[in-house]
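Hi,

Here is the structure I promised to send over. Have a look at it first, and then read my notes below.

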Amino acid sequence: MATPTKVSAVEEITADFKESTAAVLTEYRGLTVAQLKELRRSLGLETKYAVVKNTLTGIAAKEAGIDAFDGQLAGPTAIAFIKGDAIAAAKSLTDFAKANKELIIKTGFFEGKSLDAAGVAALAALESREFQLARVAGVLQAPASAAIRSIDALRIKLEENSGAAPAEADAPAAEAEEAPAAEATTEEA
């Protein structure tokens, strides 16, 4: 019998599925309230870790077009709805599961694809988004840096060949500083 409370719960879970880039299904049997609070804190603000009812979650997953949780919704279940960096959230979950053997990662989905527990662990093993972006920026910056070094080496070589030392390039500035001092001496006389 569909009560208004159950209908609204299914709608909320469906919305969470649709708004998430990834979700991980876990079993939390044996964890204390303090441990669950610690897990939620480690997941960050962009991940919602919610204890859910299995039947309602199954209905919501079907409405959202997700089949990753078929046959997995049994026992005390909680889902991490990940809206931000899926890699960081997966790392937090796997690290917490290593430290707390009571947390069992069952399955998940990422960008519309089903993941088993090994798939979630593989996702956690990837480098973070920020690190990957920094690596790409380094690769893109390398040719420009090489060109600048080549041009600077060419400048130094030309200065050496023309007989002008790099320190001589700074000599006109030094002469300009001495000139006002010489003018001040003639005015005093």
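A word on terms before the details: two strands pair here if DSSP finds at least two bridges between them. Helices (H or I, at least four residues) and strands (E, at least two) are DSSP runs, numbered from the N terminus. This is a predicted model, in which local features need pLDDT of at least 70 and side-chain atom pairs count only at pLDDT 80 or more, while totals for chains, interfaces and linings use all residues. Residues are numbered from 1 along each chain as its sequence is written, and side-chain values use heavy atoms, with hydrogens and water left out.

Let me start with the overall layout. The protein chain has 7 helices and 5 strands, arranged along the sequence as α-β-α-β-α-β-α-β-β-α-α-α. Of its 189 residues, 31% are buried (under 20% relative accessible area; exposed is over 50%, partly exposed in between, with a 1.4 Å probe and protein chains only).

Now the sheet. The 5 strands make an open sheet in the order S2-S3-S1-S4-S5, with antiparallel pairing. Its edge strands are S2 (47-52) and S5, each of which pairs on one side only. On average, neighbouring strands of this sheet are turned by 20° against each other, direction ignored. For such angles, axes are lines fitted to C-alpha atoms (for helices over the stretch in contact), and the angles run from 0 to 180 degrees between N-to-C directions.

S4 is joined to S1 by 6 bridges, the two running antiparallel, and Ala 23 has Phe 109 as its bridge partner in S4. S4 is also joined to S5 (residues 113-116), again antiparallel, by 4 bridges. Across that pairing, Thr 107 stands opposite Asp 116 in S5, and Phe 109 stands opposite Ser 114. S4 and S5 form a hairpin with 2 residues between them, and Glu 111 in the turn has a positive phi of about 50°.

Two helices lie across S1, S2, S3 and S4: H1 runs at about 45° to S3, and H4 runs at about 170° to S4.

What about the nonpolar cores? By this I mean sets of buried Ala, Val, Leu, Ile, Met, Phe, Trp, Tyr and Cys residues joined through side-chain atoms within 4.5 Å. The largest core has 24 residues, and those touching the most other members are Val 24, Leu 39, Leu 43, Tyr 49, Leu 93 and Leu 103. Elements giving two or more residues to this core are S1 (22-27), H2 (33-43), S3 (77-82), H4 (86-99) and H5 (117-125). H4 gives the most, with 7 residues. Leaving out residues up to four places away in sequence, Leu 39 touches Tyr 49, Leu 93, Phe 96 and Leu 103 (contact means heavy atoms within 4.5 Å). A second, separate core of 16 residues includes Phe 17, Leu 56, Ile 66 and Phe 109.

Ser 20 counts as buried because its relative accessibility is 10%. Beyond its neighbours within four places in sequence, Ser 20 is in contact with Phe 81, Ile 82 and Lys 83.

Best wishes
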